[in-house]
Every structure is written in structure tokens, then in C-alpha cells.
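This report goes through one protein model, beginning with the ligand and then turning to the sheets. Keep the structure in view while reading.

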Amino acid sequence: MSKVAIRVEHLTFAWPGRPPVLKECSFSIPTGELWMLLGPNGSGKSTLLQLLSGALTYPKPLSGHLEINGRLGYVFQNPDHQLFMPTVGADVAFGLGAEPLTLVEIRQRVETALGQVGLSHMIRRPIHGLSGGQKQRVAVAGALARRAQVLLLDEPTALLDPDSQADLVQCIRQLVDQEGITALWVTHRLAELEWADGAIFLSEGQVRQQGSAQMVRQQIGQLFGA
Ligand SMILES: Nc1ncnc2c1ncn2[C@@H]1O[C@H](COP(=O)(O)OP(=O)(O)OP(=O)(O)O)[C@@H](O)[C@H]1O
Ligand SMILES: [Mg+2]
């Protein structure tokens with residue numbers, strides 16, 4: 001049996017003064033797979049990702065269990081909220097400041113991570129000149145340089161044109177296949193399920209469907225005629 005990278009059991013969560021936004025959610029994602037999380041606006045997808053990331057420490061879940069096996073990386077919808085340094089290389093190196101690394105080791109980590117997302121040739125480029133899809137890949141490289149093994153991506157293609165969308169999902173697919181990364185990817189685009197191993201469909205805070213991407217895609221199609 002393959003190891004589980006993300007496990008959520010009977011998770012119930014409410015924002016203060018509001019009814020529960022996540023209700024008894026349970027699912028698990030095997031290590032080394034790409035899963036997509038879908039659901040209508042307000043169904044609790046971003047809340048779930050924030051809880052998994054550990055960034056949301058208050059309020060605490062009302063009940064349930066969350067488990068991540070591996071170092072986490074997070075990719076936001078808007079890369080401009082995540083990239084801070086003037087050049088690609090400096091940005092990927094930025095997150096390494098807290099680690100006791102030599103300059104040579106930092107350089108190696110940055111070069112390896114940029115190679116893994118296909119941007120080795122852009123190490124000296126100014127961030128502001130990159131396309132949206134390239135910026136997202138720099139954000140992914142930043143996570144890889146910090147040795148992230150589990151990536152949480154909250155609608156990473158929402159602001160991208162169709163070519164860049166396809167590039168990014170293929171880039172993540174490759175990282176999953178070649179580096180053993182696990183990824184949980186929030187999307188509104190059913191077409192992206194083509195690249196996924198599995199999928200979870202959330203509605204009104206509850207997990208309505210989970211399983212192979214193909215099965216979930218068919219079931220969503222039947223529900224919404226999509
Ligand atoms: N910081 C917050 N404080 C209070 N309520 C919040 C907060 N963040 C989200 N909510 C509420 O929680 C519910 C779920 O929001 P969430 O952002 O998780 O949904 P989502 O599925 O990611 O939606 P979308 O597809 O629009 O991104 C919504 O009713 C939202 O208003
Ligand atoms: Mg959201």
C-alpha cells in the first residue's frame with residue numbers, strides 16, 4: 001500500500017460566529033500523486049488548504065484530524081502576492097535565508113529547483129518581465145528549493161492564459177512523476193482533471209465525491225451537465 005501524504009479525517013471547521021464551512025470532511029491523498037480539489041465558490045476549498053498549510057491556527061477546527069507527511073510548499077492564485085525579489089534567482093533563494101547553508105549550497109539549490117521547473121535559463125531575469133505562468137513556476141521553484149515534498153496550490157492557473165495554464169499543470173505533473181512530489185491543486189477548470197490522478201469534489205462544506213480523476217469528472221459532468 002502506498003504511503004499517504006495528506007490525510008483529513010472528520011474535519012469540521014467554522015469561522016467565528018458562522019455555521020460550519022467544512023463538515024465532517026474525510027479524504028486521503030497518496031504520496032507521489034496529483035489530486036485536484038473542486039467545488040463551487042464558497043464551498044470551503046481555500047479554507048481547507050489554509051488549514052492544511054498550518055497558516056490558519058485560529059480558529060481551530062471544531063473536530064477532526066489533519067496530517068501532512070512531508071515538507072509543505074504553498075502556491076497562491078496570484079504570483080505577485082508571493083514573489084518579492086527583483087530577479088528569478090534571488091526570489092528562489094529568498095526562502096532559504098533561514099537555513100544554515102553556504103552560498104555554494106544556496107546556488108546549487110536554486111539552480112536545481114529552476115531546472116526542475118524548466119527555467120534554468122532565466123536565473124538572472126527580472127521578475128517583472130515574466131509571464132504569469134513563468135512567475136508561477138518561479139513560485140514552485142521557491143518551494144522546491146526549500147525541499148517541499150507536498151505542494152498545495154490554490155487556483156494557480158486562475159489568472160493565466162490557456163497556454164500558460166497547460167504549461168503549469170504539465171510542469172506539476174512532471175514534478176509528481178519525476179520527483180515524487182505530492183500535489184493538491186484547487187481548480188474550477190474541469191479540463192485540468194485530465195492531468196490528475198485523483199479528485200475531490202466539495203459542496204457546501206462536504207466531500208461529495210472523491211476517487212479517480214476520471215470518475216469524479218464523469219460524476220460532476222452528470223450533476224451539472226458539464
Ligand atoms: N477569513 C475569513 N473569515 C470569515 N469567513 C471566511 C474567511 N475566509 C473565508 N470565509 C468564508 O468561508 C466560506 C468558504 O470560503 P472559501 O474561501 O474557503 O471558499 P472557496 O471554496 O475557496 O471559494 P472560491 O471558489 O470562491 O475561492 C465562505 O462563506 C467565506 O465567506
Ligand atoms: Mg478559494
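Predicted model: local features only at pLDDT ≥ 70, side-chain atom pairs only at ≥ 80, totals over all residues.

## Ligand 1 and its surroundings

Asn41 has a polar side-chain atom that lies 2.9 Å from an oxygen atom of ligand 1.

| Residue | Atom of the residue | Distance to an oxygen atom of ligand 1 |
|---|---|---|
| Asn41 | polar side-chain atom | 2.9 Å |
| Gly42 | backbone N or O atom | 2.8 Å |
| His188 | polar side-chain atom | 3.0 Å |

On its own, ligand 1 has 640 Å² of accessible area, and the protein covers 63% of it. There are 13 residues around ligand 1, and those that come nearest are Asn41, Gly42, Lys45, Ser46 and Thr47.

## The sheet of six strands

In what order do the strands of the open sheet of 6 strands stand? The order is E5-E6-E7-E3-E8-E9, and the pairing is mixed. As a general point, strands of a sheet pair through backbone hydrogen bonds, and they do this either parallel or antiparallel.

Strand E5 (72–75) and strand E9 (206–212) are at the edges of this sheet; each has a single partner strand, so one side of each has no neighbour in the sheet. Averaged over the sheet, neighbouring strands are turned by 15° against each other, with direction ignored.

One pair inside the sheet can be followed in detail. Strand E6 (residues 150–154) and strand E7 (residues 182–186) run parallel and are joined by 5 bridges. Leu152 has Leu184 in E7 as its bridge partner.

Helix H6 (residues 213–224) packs on the sheet and touches strand E3 (34–38), strand E8 (198–203) and E9. The direction of H6 makes about 135° with that of E9.

## The sheet of three strands

Another open sheet has 3 strands in the order E2-E1-E4, with antiparallel pairing. Which strands stand at the edges here? They are strand E2 (22–30) and strand E4 (63–68); each has a single partner strand, so one side of each is left without a neighbour in the sheet. From one strand to the next, the twist averages 10°.

Strand E1 (residues 4–13) runs antiparallel to E4, and 5 bridges join the two. Thr12 stands opposite Ser63 in E4. Helix H1 (residues 45–53) lies across E1, E2 and E4, and runs at about 120° to E1.

## Two backbone details

Most residues other than glycine have a negative phi, and most peptide bonds are trans.

Glu24, in strand E2, is not a glycine, yet its phi is positive, at about 50°. The peptide bond between Tyr58 and Pro59 is cis, with omega at about -5°. Pro59 is in the loop between H1 and E4.

## What the record says

In UniProt, an unreviewed entry places the feature "domain: ABC transporter" at residues 6–223. In the model, the end C-alpha atoms of residues 6–223 lie 27 Å apart. This span is 33% helix and 25% strand.

Terms used. Residues numbered from 1 in each chain as written. Chains lettered and ligands numbered in written order. Heavy atoms only, no water. Pairing = 2+ DSSP bridges. Helix = DSSP H or I, 4+ residues; strand = E, 2+ residues; numbered from the N terminus. Axes fitted to C-alpha atoms, helices over the stretch in contact; angles between N-to-C directions. Contact = heavy atoms within 4.5 Å. UniProt positions renumbered as here; feature names shortened; annotations may be inferred. Near = heavy atom within 4 Å. Polar contact = N/O pair within 3.5 Å; in protein donor to acceptor, adjacent residues only side chain to side chain. Areas by Shrake-Rupley, 256 points an atom, 1.4 Å probe, with all protein chains shown as cover.
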